Each structure stands twice: as C-alpha cells, then as structure tokens.
Amino acid sequence: MIEIPAKLIRNHREKASDWLDSLPGAVERYVGEWDLTVDGDVLSGEASLIVPAVRRDGTAAMLKLQSVNDESESEALALRTWNHDDVVEVYEDDPETSTLLLERLEPRTLDDLPDDVEATRILAELLTHLMAVPAPPGIRRLADIAGQMLADAPAIIPLLADPAERALARRLADRMAEALPEPGDRLLHWDLHYYNVMAAKRQPWLVIDPKPLAGDPAFELMPAVWNRWDDLVATGDLSRAIRYRFDLMLDVTGIERERALAWTAGRILQNVLWFTEDGDTRIEAELKAVADALFS
C-alpha cells in the first residue's frame, strides 16, 4: 500500500482524479512487471509520483509515474537521445503511460549549492552539452508553441488591468515574432532550472525531468534566470543581478545575444499568458522585473 503525497493530491485532484486513484494499482503493476522491490518512502514532484525501488540485480532506481500529456510522452526519448554523461539514465519505460524506471541519483540539487553563480555556471555548461544534440523526429516543435502563443495573445493580453503592462506584453510578443522565422532544431529541455539538476555518483551533476521541444536553445535561458530568486534580491541590485546571470549564461553557452533576448521575451510572454488565462490581471512581479532588466 502507498500513500499519495498531499502535494500531488492538491495539484491534480480537480483535473486528474482518475489518474490519482489509479496510482496504487499502477505501482503494484510496474513493481511486478519490472521485478522491483520498493525501497523507501514514496516521494512526489509537482506532477509525478516517485517510488524508490531496487531492481532484481540490486541496482537502486526510481519508479516515476505521471499522467500522459504533451510534456511527458517524449521524456524517455529525450533522455536516451542526449549524451549519457549529461542526463539521468532510463532503465525501463512504458510509452503508453509515460511511466519510467530511472537511475537513482543523490538527494541534492543545484539549488543546494550555496553559491548561485557557481550553480548558474554549472547549469550553463550542461545546457551547452544538451543544445549540441539535434531533436529526433516526433518531438513537439517550438515553432508551433510560439505560433500558438502569438495567436492567443490578442485575446488574453487585454485582460491585464494595467495599460502599461498590456503594452509590455505586446512588446514581448513583437520581439518573439522577430525570431519565429528561425525557430531552431535542437533538442530542448524546456524546464532547465536548478532543481532539475541532481548530484550523482557517476558524474557530479545530471539533468532530469525534461519537457522536450525541438527548437532554438535561446528558449532555454529563462528558467535559470528567474529561479533562485532570493539570491538575486540579496545582491541589493536586482536588475544588475538579473543581467549578470543572463550574461553569464550567454558567455558559457555562446548563444547569440539578440536571439537570446527575443526568445527570452517569448518565454516571459508565455508565463504572462498562462497566468492571465488563469485569472491574474497583473503581470507577476518577478516576470516584470526580468523584463525591465533586460528590455528597458
């Protein structure tokens, strides 16, 4: 018997109650099919149930159960396409349910490093490795995601209460539109931030939990810029700290600045559209601070 973590229930009870109810049976199924022994307390991410397990040969692993959607269905393919030295290993997977059996990593992420500059540099170095890999066939395309954003923006942006924020959102859309004719063809992670890089025994750090896209690596920068926010605030000069972190990512990866700005504008816009569609009428302060720092 397993107990579903409260965070997972909060996140999914309204939209995916059937999936939540199916989890105990699914754990039992995969423990049997993949010849596993449960080896610890159940954990959860924002959208997945994680069960520590041991394989028949004694290898420690993590059983990951998640609902099937556009983000999860290509996770195993992406992890197997990138270099093994950069990402968590997939031992088993079931494409029909997006269930994975993954290498067990150390319980420490880049967010735990005291020095956020060092953490950003490590993240950027990993991005440099990932962005060298072309996307395999079948991966969702950034061109389609961005095109849909531009199609949705005229109806959503007017819901913002502040005229200045509506104008900002339109400028962000225009900036992204400039980059859309060349959307790129690299295999993107889409959610490459400090919590999604974990310590390991075979390598110092490995990437986990991609939401794969095919596109321009410049679209990958925003998660690193606005995570570990308290470290930016603690510098006493927020705008300068944001620009420093952004520039560090560019210096390490070699991503061209104008493309980086255009696709980061798109990434800010994406969040603005999501939050506004969910009922917000003001741009979140952190998003606005990044936009002000990079585009003012």
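Here are a few questions and answers on the salt bridges of this predicted model.

Residues are numbered from 1 along each chain as its sequence is written. Local features need pLDDT of at least 70 and side-chain atom pairs count only at pLDDT 80 or more, while totals for chains, interfaces and linings use all residues, and side-chain values use heavy atoms, with hydrogens and water left out.

Q: How many salt bridges does a search of the whole structure find?
A: Side chains of opposite charge can pair when their charged atoms come close. Here a salt bridge is a side-chain nitrogen of Lys or Arg within 4 Å of a carboxyl oxygen of Asp or Glu. The search of the whole structure gives 23.

Q: Which residue of helix 3 pairs with K64 of strand 4?
A: Helices (H or I, at least four residues) and strands (E, at least two) are DSSP runs, numbered from the N terminus. K64 sits in strand 4 (residues 60-66) and its partner in helix 3 (residues 75-81), so the pair ties together parts 11 residues apart in sequence. With N to O at 2.8 Å, the partner is E75.

Q: Is D216 buried or exposed?
A: D216 forms a salt bridge with R259, the closest N and O atoms being 2.6 Å apart. R259 is partly exposed, at 32%. D216 has 4% relative accessibility, so D216 counts as buried.

Conventions
Buried < 20%, exposed > 50% of the residue type's maximum accessible area, 1.4 Å probe, protein only.
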